[in-house]
Amino acid sequence: MSYTMQDLEKFLEYLARNNYWFLSTQELYDYFIDRNRDIPQEYLGKKPIMLSFDDSYKTVYTNIIPVLERLEKEFKQKIKIVLFVNPGTLAKIHHPSTTYLSCEDLRAGFAKGFYDIQSHGENHKDLAKITVSELNQELAQAQIELRECLAGLAAPQEIARHIAYPYGSMNHQVETYAAKYYQSGYLYNSTILRFRWLQDKYRISRLTVNRAKSPERLIQMATRSFTISK
Ligand SMILES: [Zn+2]
């Protein structure tokens, strides 16, 4: 969250105004990776984009939800964002935090329809540098806890079905174990995803956003992305 809220808001407003298709992890998987479903009529002619936020920071609730609510009102456009969450760092009742989200925050953002809640491992460990049993634990426990947190609001398969590897760190072993629990895996490699080049659904590229990328630059990149043909 090194990006300022004003800059982020500028970018989000541009996307809302211009009718982008805000992809969830499951939509990306179904329509562009597995291609098991036809793209619905309503998305034809739009540009797809996925906005993802890692590491469970509280600001994703306190700062971003009010902006998403304003944009929804103003542009009749719901922006959905993907959160890759480490349940191990979530604020707990006996461990309150102003830095990290709580399960209640996740439930509230999900209930409002803004959050797609996915896994970032249990404790943000480097998955390529731990033992097999720790790896299994990091992958499985995150899924269990996130699904427990959203119980009653979401079907289990809507939550933590996809993972973003902490630090983008992975290898063949991580991929093999990730595939036991998750349908797809996201990197942190500052590369735009080009579907034609996607070789491996456990190595989905993501563009890293930091202060070096002005909102104007992000907008320029977004306008250049492909449009779903009619
Ligand atoms: Zn992270």
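Helices (DSSP runs of H or I with at least four residues) and strands (runs of E with at least two) are numbered from the N terminus. The structure is a predicted model, in which local features need pLDDT of at least 70 and side-chain atom pairs count only at pLDDT 80 or more, while totals for chains, interfaces and linings use all residues. Residues are numbered from 1 along each chain as its sequence is written, and side-chain values use heavy atoms, with hydrogens and water left out.

Let us stay with Ile219 for a moment. Its relative accessibility is 19%, so Ile219 counts as buried; buried means under 20% relative accessible area, exposed means over 50%, and partly exposed is in between, with a 1.4 Å probe and protein chains only. Leaving aside residues up to four places away in sequence, Ile219 touches Lys10, Phe11 and Tyr14, where contact means heavy atoms within 4.5 Å. Lys10 and Ile219 are 209 residues apart in sequence, and their C-alpha atoms are 9.1 Å apart in space.

Helix 1 (residues 5-17) packs with helix 8 (residues 215-224) at an angle of about 25°, and their axes are 9 Å apart. Axes here are lines fitted to C-alpha atoms, for helices over the stretch in contact, and angles run from 0 to 180 degrees between N-to-C directions. Helix 1 and helix 8 are therefore roughly parallel to each other, a label for angles under 35 degrees, with over 145 counted as roughly antiparallel, 65 to 115 as roughly perpendicular and the rest as oblique. On the helix 1 side, the contact is made by Asp7, Lys10, Phe11, Tyr14 and Leu15, and on the helix 8 side by Pro215, Glu216, Leu218, Ile219, Ala222 and Thr223. Sorted by class, this contact has seven nonpolar, one polar and three charged residues. Nonpolar covers Ala, Val, Leu, Ile, Met, Phe, Trp, Tyr, Cys and Pro, charged covers Asp, Glu, Lys and Arg, and the others, Gly among them, are polar.

Next, look at a second pair. The axes of helix 6 (132-149) and helix 7 (residues 172-181) come within 10 Å and cross at roughly 35°. Helix 6 brings Val132, Leu135, Asn136, Leu139, Ala140 and Gln143 to the contact, and helix 7 brings Gln173, Val174, Tyr177, Ala178, Lys180 and Tyr181. Eight of the residues in this contact are nonpolar, three are polar and one is charged.

Now for the zinc ion. Its protein donors are Asp55 (OD), His120 (NE2) and His124 (NE2), which lie 2.0 to 2.1 Å from the zinc ion. Donors are N, O and S atoms within 2.8 Å of the metal (3.2 Å for Na, K and Ca), and water is not among the atoms, so sites may look incomplete. Along the chain, the donors follow the spacing D-x64-H-x3-H. Asp55 lies in the loop between strand 3 (52-54) and helix 3 (59-62), and His124 in the loop between strand 5 (115-119) and helix 6, so the pair ties together parts that are 69 residues apart in sequence. Asp55 counts as partly exposed at 21% relative accessibility, whereas His124 counts as buried at 19%.

Finally, visit two loops. Arg35, in the loop between helix 2 (25-33) and strand 2 (48-49), has a positive phi of about 50° although it is not a glycine. Lys76, in the loop between helix 4 (64-75) and strand 4 (81-85), has a positive phi near 50°. Arg35 is exposed, with a relative accessible area of 56%, and Lys76 counts as exposed at 71%.
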